[in-house]
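I opened the model to look up how its chains meet. My notes follow in the order in which I made them.

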Amino acid sequence: MLLAAGVAGLVVAMGLMIWRAIAGPSPYDRMLAGNSFGTKTVLLIAVIGYLFGRPAFLDIAIAYALINFVTTIALMKFVRYRTLAQPLCSPHDTEAKDG
Amino acid sequence: MADAIHWIGGGLVFAGTLLTLLGGVGVVRFPDVYTRIHAASLTDTGGATLVLIGLGILSGFTLETLKLAFVWAFVMLTTPAAANALANAAFSAGHKPRIGAFQIMKGESSEGAGPAQRDGGVAP
Amino acid sequence: MNFVVTHFNYLAVIVLMMTGLYVLFATGNLIKRMIGLALFQTSTALLYISLGKVAGGTAAIKIYPDSPEAQALAAQLDPAYVAQFGVSGVVYSNPLPHVLILTAIVVGVATLAVGLSIAVRIREAYGTIEADEIEAVRAREPGE
Amino acid sequence: MNAIALEASFALNVALLLMLVAIAAAIAWTRSLVAAILLMGVYSLASAVWLVVMDAADVAFTEAVVGAGVSTVVLLGATLLVRPGPVRVDWRRAIAPAVLVVGVGALLVLAVSGLASFGDPSSPANAHVGRSYLVETPNDIGIPNVVTAVLASYRGFDTLGETVVIFAAGIGVALMLGFGPRSSLPQPPVQPGEHHVVLRVTARLLIPLIILFAFYVLFHGDLGAGGGFQAGVILAVAPILHALVFGLHATTAAIPAGFVRGVAALGVLVFAGVGVVCMANGGGFLDYDRLFMPRVEAMIPPGLLGDPTHSHNWGQHFGILLVEVGVLLTVSSTMVTIFYGFAGRATHDVGSAR
């Protein structure tokens with residue numbers, strides 16, 4: 001019963017994230033909403049596995065957690081830097097540019 | 001005993017989802033990018049911790065406990081890093097944080113003064 | 001009303017298909033068209049998976065009938081139902097649509113990449129990816 | 001407990017489908033391509049949860065990794081190369097498609113009304129072929145995951161065809177977009193003092209774990225959700241993350257494009273080679289029962305897998321594993337080739353036609 005309530009809460013939270021992803025206004029808001037949606041998906045998969053009696057689905061949750069991160073980084077690089085091929089700066093790079 | 005495990009584990013899961021739900025409300029209601037990132041990432045990691053601990057109590061000590069620990073480790077590793085990257089990119093792109101008393105002025109969009117970054121995939 | 005409840009999944013999938021088809025037809029932007037195509041493709045996948053669901057079933061990964069998992073699952077169902085539709089004491093969903101869709105998804109992303117790379121080459125050749133502008137360029141230079 | 005789980009399943013099904021419809025409507029409505037691509041990723045994640053509710057664990061795995069991971073990255077790469085303006089909306093041009101789409105929808109509703117109701121266990125789709133796979137797999141193949149059994153053994157020839165299609169698509173993308181990074185990639189606009197040291201450290205931690213997880217998914221694929229396709233895409237995500245964080249030149253220095261193409265071909269070769277070995281031992285193409293020579297098969301002691309009645313399934317076990325390795329090699333290297341093609345190309349404004 002508590003698990004079912006938890007699932008309902010997660011679904012509502014996912015709906016709120018979708019609202020933010022649609023409403024924006026800046027691309028960073030959308031990315032944040034997408035990333036947070038992914039985290040809630042991970043939790044939802046884990047809880048569903050227990051609710052429906054097949055906890056082996058946790059593998060899928062692990063995959064989601066990893067993929068979600070990569071997608072967020074790709075979107076961030078696209079919006080901020082307009083490239084997928086150039087590296088993200090390390091502190092040494094930008095210091096050298098300053099000096 | 002089994003009853004106590006059921007209630008404690010289920011209660012932790014429910015508390016975690018409640019925390020996530022509160023974070024979701026924050027993401028919808030907060031005024032600018034940085035406060036939204038703060039609401040989302042903090043409640044995501046906290047909610048994930050509570051939910052996964054609750055599930056671990058429910059499952060007892062099996063192989064699933066190890067997998068839950070892995071899920072937790074990955075969420076704790078990736079969510080804050082992604083939030084940091086987003087905030088970093090938003091700041092360097094010129095989004096100004098809102099400082100001072102929170103008031104909604106008419107006709108002002110809540111995204112701060114982002115000069116270079118408009119939505120829509122326009123060429124730089 | 002009863003029809004809407006028993007066929008809700010199929011109706012929702014039809015709405016998704018219509019959305020994908022609309023995006024495909026209504027925009028001239030080639031990238032947006034590929035997104036519409038992907039949407040349409042996914043909705044087909046959802047239809048197949050909906051067809052393969054068995055009420056009270058579980059994922060088609062065999063569990064031993066005497067394990068606690070299997071007994072917890074069987075306890076939720078009518079024993080006569082399990083006896084009629086279950087396989088050695090556990091009711092599973094139909095695995096065949098899963099197999100078809102699993103490969104279709106991976107093939108789908110590969111073909112999506114091919115379509116997008118054609119769009120990239122079109123952009124390099126014509127300077128635009130809007131369908132009507134491409135037509136205009138072609139009309140101006142008929143010998144091309 | 002019993003009624004709650006069943007009703008919760010149906011309620012979750014309805015909620016997630018409504019969520020999918022809302023996201024799809026937003027994709028159709030939005031003019032921003034970034035938002036459309038991001039919503040496409042969100043749509044994939046939501047549909048993957050729905051797939052878990054529908055008991056399609058393997059498909060959920062694939063959909064999440066492919067839809068939210070690789071296809072988002074590919075769409076972003078293409079959008080970078082074509083540099084489009086905002087999507088223009090012309091209401092007059094939308095009327096004819098809308099009428100057409102409504103007509104198609106009405107036809108589909110008519111067609112769907114003839115289907116058996118949702119979840120019916122005795123419907124034609126569920127009662128015959130699917131059920132016989134479930135009944136026969138323990139005897140024929142002897143692995144718990146029926147999806148993997150059907151994918152790699154019963155329908156092995158079909159899967160070989162799919163693998164070749166993926167390989168061909170990868171080669172097609174590489175031929176159209178190039179095989180690796182060009183020398184003149186555009187420089188990103190970096191502010192003084194801006195750096196992403198947190199991401200660099202996190203990525204360095206994550207990349208080995210992603211590769212390890214991919215191999216876990218591959219070798220666990222006949223026991224639980226997983227298999228060659230999923231593992232291949234997860235494995236491809238590791239070089240993609242490396243390129244995103246450390247730059248494409250660093251990635252191609254570690255994994256050269258030519259090597260990746262060679263591995264893609266090797267995967268198809270492994271898959272087809274298993275089939276040929278089976279033929280050489282007197283079976284049909286991809287008939288894993290004849291994977292080992294009869295002399296070798298006779299030396300295998302019975303009951304090694306803990307299930308004494310099915311000792312003859314060793315050929316099936318090893319055949320499925322080898323085939324999945326072939327799928328992994330082809331899928332992962334094809335995805336990496338596609339990523340190299342999109343990320344490594346630089347579009348200059350040569351299109352002077354305007």
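Entry 1, chains A and B. I began with polar contacts (a pair of N or O atoms within 3.5 Å; within protein, one must be able to donate a hydrogen and the other to accept it, and residues adjacent in sequence count only if both atoms are side-chain atoms). Between chain A and chain B I have seven residue pairs in polar contact, both residues at pLDDT 80 or more. On the side of chain A that touches chain B, helix H1 (2-23), helix H2 (27-51) and helix H3 (58-81) of chain A each supply at least two residues; H2(A) gives the most, with 15 residues. I sorted the residues of that side into 30 nonpolar, eight polar and seven charged. For this sorting, Ala, Val, Leu, Ile, Met, Phe, Trp, Tyr, Cys and Pro count as nonpolar, Asp, Glu, Lys and Arg as charged, and the others, Gly among them, as polar.

Conventions: this is a predicted model, in which local features need pLDDT of at least 70 and side-chain atom pairs count only at pLDDT 80 or more, while totals for chains, interfaces and linings use all residues. Residues are numbered from 1 along each chain as its sequence is written, chains are lettered from A and ligands numbered from 1 in the order in which they are written, and side-chain values use heavy atoms, with hydrogens and water left out. Helices are DSSP runs (H or I, at least four residues), numbered from the N terminus.

I then took the contacts (heavy atoms within 4.5 Å): 45 residues of chain A touch 51 residues of chain B. The buried area (accessible area, 1.4 Å probe, that two parts lose on being put together, summed over both) is about 4100 Å² here, with 75% from carbon and sulfur atoms. Three salt bridges cross the interface of chain A and chain B (a side-chain nitrogen of Lys or Arg within 4 Å of a carboxyl oxygen of Asp or Glu). I looked up the one between Lys67(B) and Asp59(A), where the closest N and O atoms are 3.4 Å apart.

Entry 2, chains C and D. Of the five pairs of chains that touch, chains C and D have the most contacts. I find 107 residues of chain D in contact with 88 of chain C, and about 8700 Å² buried between them, 74% of it on carbon and sulfur atoms. There are two salt bridges between chain D and chain C; Glu124(C) and Arg345(D) form a salt bridge at 2.7 Å, N to O.

I find no contact here, and the closest C-alpha atoms lie 12 Å apart.
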